[in-house]
Each structure stands twice: as structure tokens, then as C-alpha cells.
Amino acid sequence: MIINEALSKSWSRVGQRATFGLVMIELATEIDDLMVISADVSTSAGLDRFKSAYTEKYLDVGIAEQNMMGIATGLASEGYSVFTTSFAPFQTMRCCEQIRVNLGYMGSKVCMVGLASGLVSGILGNTHCCFEDVGVLRSIPGITIITPADCAEAAKAICAAQRHPGPVYLRLTGSSRTPIVYGDDYDFEIGKAISLREGSDVAIIANGMMIHESIVASDLLEKAGVSAAVVDMHTIKPLDTETVGRLLSKKLIVTVEEHSILGGLGSAVAEFLSEFADRPPLKIIGIPDSFVEIAEYRELLERYHLTGETIARTVSGAMEKLH
Amino acid sequence: MESGVLTKSLIRDIEDMAARMRKSALDMAFSARGSASHIGAGMSIIDILAVLYGGVMKLNKSDPLWGGRDRFILSKGHGVLGYYAALAEVGYLSKKDLETFEKPGTFLAGHPVKNLERGIEFTNGSLGMGLSLGVGVALAMKKKGNANKVYVLMGDGECNEGSVWEAVMSAAQFKLDNLVAIADCNSFQLGGRNEDIMSVGDMAEKARSFGWSAVTVDGHDAERLYESLTASYEKCKPLMIAAMTIKGKGFSLFESDNRWHHAMISKSQYDSLTGELERPRQL
């Protein structure tokens, strides 16, 4: 799929979830054996148009995520290219055993799409927030995990996941009217991080909505005399260790994720860095090990230091400690 | 191999196959030596498997990957003693393969691992997941206009898992009359009798209440099993066969004694059980 400015703009207005529905319509015209399975979330996943245009390629299993993963595996074994979707906690943890056996152990080619992950559902409470999905799935062998930075990257990742031979978890975050990171077409490859900003002092490795915030942070830091690189680590597993390995000469490495500080991007980078004797310190920015308060999205991002300004402040603080 | 017509000789062939399978299963359990195997649940399904693999299912003995095959899913994955014995009867596994059962490096683990070249359609062992797989495969068959059937063998204890009932509900919703679930009702689960732990009650009645066709049969009567699996049922409804079985069936030592749920067989026990198998069958 070729991205252009107009597409990127129109997708960013509707957000990653609705973009998913729109991209599936495109894919349905190309892929005969495509199947999209929803656990009673067609509207939330932006699939209402898809559902009426491609009745044969759509299946609703009702509110039954375990069954959804089994059915997806059965269809995949007969050659279908299957996408499943529900809200992120239900798409990942409600059916975790099915994911482990059917997708991990058996290696079934199914792409799971977790909706509204992170903190965007803050006002609905912690049942609907999701900051453990990456940690939980990352420990299961064989599952590729992708968190796209914006709607254009979500579209790229959906197409890449469809071509990928194994199971994928696509973690969609943000609300509607999401910031644009990728306005024009670019090369997206699963497992290959993208350097968005060069910088000599600090390297900020982030993904999802935290890419835009990290770019804002990088601008603020620049004004304060700190040169901060920004890397889009859209694929958390397999981690692009080659790219991380090139950042060892920085004074500080920072990871930023809309996820628990346990088990996610920060953990993955820390696991890799721990092998090196000579390496910069690592600051992991994310949600602390606790359930979050009930609040609006932006407020929660502020509270957990996940906005451009708060990220810049945290990075400055960490830099000061170095001296 | 096309599914056959019910004749006395076919039934006799199936019964002979079941007898050979019990011997294979016993040999596998004994040869595993230091490692225990699921004896009770392996033996209770042997007659069901003999009817499926020896008569009902469309298979190609020389090509396990043949597209026209009926699909079989062992949802109660711990029933491998019966399953591997059936695959050996069809020719997908060799006697030598069976000798590797539960030995380090084997592809015949204590629970089946997907291996299409050897006729194993799916990985199973975590209970309550096979019927959902069957629903997915049955949907695929319908979509492709493929007339094949999908058979899922479950345990009665397994039906404690809530995911089974998600799948039961969906099979009726999707009108999967190409899906057949067989519940091996051997009345026991790991910890004891179903009625003392968690009873599913009348399996056929429950399935009917979900919109399935359902029959209850003697799970060791090849003729009844064959008839119930090949009879005509209402269109648009999946079929549940509640097969009443005896855990450990075929060996006096094992029958309805849950100590043989997962156990090892000693040399003297093996010798006496083999002798039991060799005694002429009552005609």
C-alpha cells in the first residue's frame, strides 16, 4: 500500500482503529482468502463498512475471545489469511492460553489486532486500559509484536502482517485525530527500526503514540542544548538489536512506551543492553507497576510523564544525574 | 479410502482393528517405562477411533495431506495412546515411530504436536480448545464448498472448560452440519469421578438445548457408533455423539480405576495384560 499525504491526513483524523477497518477493505480487494473475525466489536474496529461490503470475509463470534482464537486457527490451517480483533485486554489476556498454544506453539498465521491499547480508555477504568499486553505476549515464543506510530504506519503494519508467515500482534493505540509522523510513503519492514531524528547526546527509543511525543521532546531538548535522537522501534519483537547496538556511544538511552515499565519495550532494550560491559545508562519511561487512575487520556499521559514536555523534563533530569 | 457401507464384515474389521490398537497402546504405555502415560483416557476412545479411522472417515492411506480427507481433531489431547495407535493402523505412523513414544527427541509426545505429514492436524493438550478449531475448519470447508466432515473428540471432564461452550454455541449459530463432536463420556477426570468434581450432566441433552442434533450411544459398540456417525440428521445442525465409555476399557486392571489415569505399567502387569488380550474373544 502506497501512502500519500492526503491518505495519511484522512486516516489521522479517524485514528488507528478506523484506519484498520479502511485498510481491510483495501486488502479484501486483493486477498481472496482473507477473513476478519471480530468478537462483537465491528463498530469499535471500524469494520462496519467492511462487514457489509464483504459478508463472506467477515465473521462475528460474539463476546467469546477464546473461541475466536480457536476458530481463527482452524481457518488458518485451511489456508485463510486471518485477522482477529477485540479490545486489547480481551484480544490478548482473555484468550492468552489459546494464543500460546495455537499461535505460539503451533505457529498459526493469524494477525491479532488489539484495539485501544494503552491509556486511551482511561475514563472507562482499568478493565479497558491495557498496559500489560506486550509484556504478556513477548514471553510467548514466536509472536511478532508491532506498535505503529501513527495511522500511516498502522496501514503499513497491517499489510506487512498480512504477508508475514507467522503470528503477529498489532497493538493499536491513540484516539481519533492522532498526530501524523509519516506523511509520505516510506519503507516499512517488520523488525527494522526507523531513525527519525539524529542526535549525539541521547537516544530516545519509542513506539506507538510515544513517537510523536518523543519528537516533541527532542525539539524541546534541542532548545535546552541537548541533542536527542529518536528511533521508531515499531517492532518490539523481534527487537532490532542492530539499531540499538549502534546507540551504545550515546551518553544516555531512553525508552518511552505507553505500557507498563515491566515487560515492554524498555525491558526488551534492557535485556539486550545488559550483555554489554560498556554501555550508557538506560532510563525506562512508562506506566509504573500499578493500575492507573480514572482520568482522560491526555491527563493520564501527563501523569505518567508520557507527553513531549514531561519526557523532555525526565530526560533532562536523567542527563543531570550523569554529571 | 471411501467410507464403507455397514456390513457384518466391516464391523468385524473395525473390532479387529480396535483389538490391535489396544495392543499397540499397551505396548506404547509399557515402552515409555520411566515416563507415565494417560492409559485410562487412551483406552476409552479406542473403539470410537477404530470406527472413525477404520470405516467412517474419508482418508487416503498413502497421502495424509490429501485435500479430500475428513478432518479429525483430538481435543482431549491426552488420548494419544489411542490416537497414535489409530494413525499407525492407517499407515501414517510406523511401528518404529510408536516405539519412540514419550522418549526424548520423539515427535510422539504425551500430547499431540501438529504434524500434517503424519496425520496430526493440530497441536492439542490444553483442554477445551479443540472444538473451536473444529468450528474454524468446518467454516473453511463450507466456504470452499468442500463436502468433507470435521470430527472432534472431546472428553467429558474437558467439558468443564468454558471455552467448550463458547464453541458449542457458535457451531449452532453458524449452522455447521459438517461438524461432529464426539464426547468420550468415561465418567472420570484427573481428580476423580465427574459427579464428585464437576459433572457435565447429560451431554446430549445439553447439546440439544444449544441447537445441536444429539444422540447417546454405547461408545464401545462399533455397530452403534458407526450407525450414529453415518445416519442422516437435521440440516444446518452440528451433531453431538455422547459416547458412553469405560475409562481404561479392554483391560480388567484399568477399567474404571482412576489410578490408571496417568501411570506406568510394570513388567509383570504388562505380561498379564498381554495374556488377557490374547485370550479368544467371546463370539
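**Domain organisation and chain contacts in the predicted model**

The domain assignment divides chain A into domain 1, covering residues 5–173, and domain 2, covering residues 194–322. The structure described here is a predicted model. Taken over C-alpha atoms, the centres of domain 1 and domain 2 of chain A are 26 Å apart. In the contact between them, domain 1 of chain A contributes 24 residues and domain 2 of chain A contributes 25 residues. On the side of domain 1 of chain A that touches domain 2 of chain A, two or more residues come from each of α6 (133–138), β5 (144–146), α7 (151–163) and β6 (168–173) of chain A. By class, this side of domain 1 comprises 12 nonpolar, 8 polar and 4 charged residues.

The overall fold of chain A contains 12 helices and 12 strands. Its C-alpha trace extends over about 60 × 40 × 40 Å along the principal axes. The radius of gyration of chain A is 19 Å, in agreement with the value near 20 Å that a compact globule of 323 residues would have. Of the 323 residues of chain A, 56% are classed as buried. Among contacts in chain A with a separation of 6 or more, 79% join residues 24 or more positions apart.

In soluble globular proteins, nonpolar side chains tend to be buried together. In the present model, the largest nonpolar core has 194 residues, and those with the most contacts inside this core are L170(A), I204(A), A50(B) and Y84(B). At least three residues of the core are drawn from domain 1 (5–173) of chain A, and at least three from domain 2 (194–322) of chain A.

The contact between the two chains was considered next. This contact involves 18 residues of chain A and 17 residues of chain B. On the side of chain A that touches chain B, α3 (65–77) and α5 (96–105) of chain A each supply at least two residues. The greatest contribution to this side comes from α3(A), with 9 residues. The residues on the side of chain A that touches chain B comprise 9 nonpolar, 7 polar and 2 charged.

Terms used: Residues numbered from 1 in each chain as written. Chains lettered and ligands numbered in written order. Predicted model: local features only at pLDDT ≥ 70, side-chain atom pairs only at ≥ 80, totals over all residues. Contact = placed C-beta atoms within 7 Å. Helix = DSSP H or I, 4+ residues; strand = E, 2+ residues; numbered from the N terminus. Nonpolar A, V, L, I, M, F, W, Y, C, P; charged D, E, K, R; others polar. Rg over C-alpha atoms; globule rule 2.2 N^0.38 Å. Buried ≥ 20, exposed ≤ 12 C-beta atoms within 10 Å, placed from the backbone. Domains from an automatic or database assignment. Core = buried A, V, L, I, M, F, W, Y, C linked by C-beta atoms within 7 Å.
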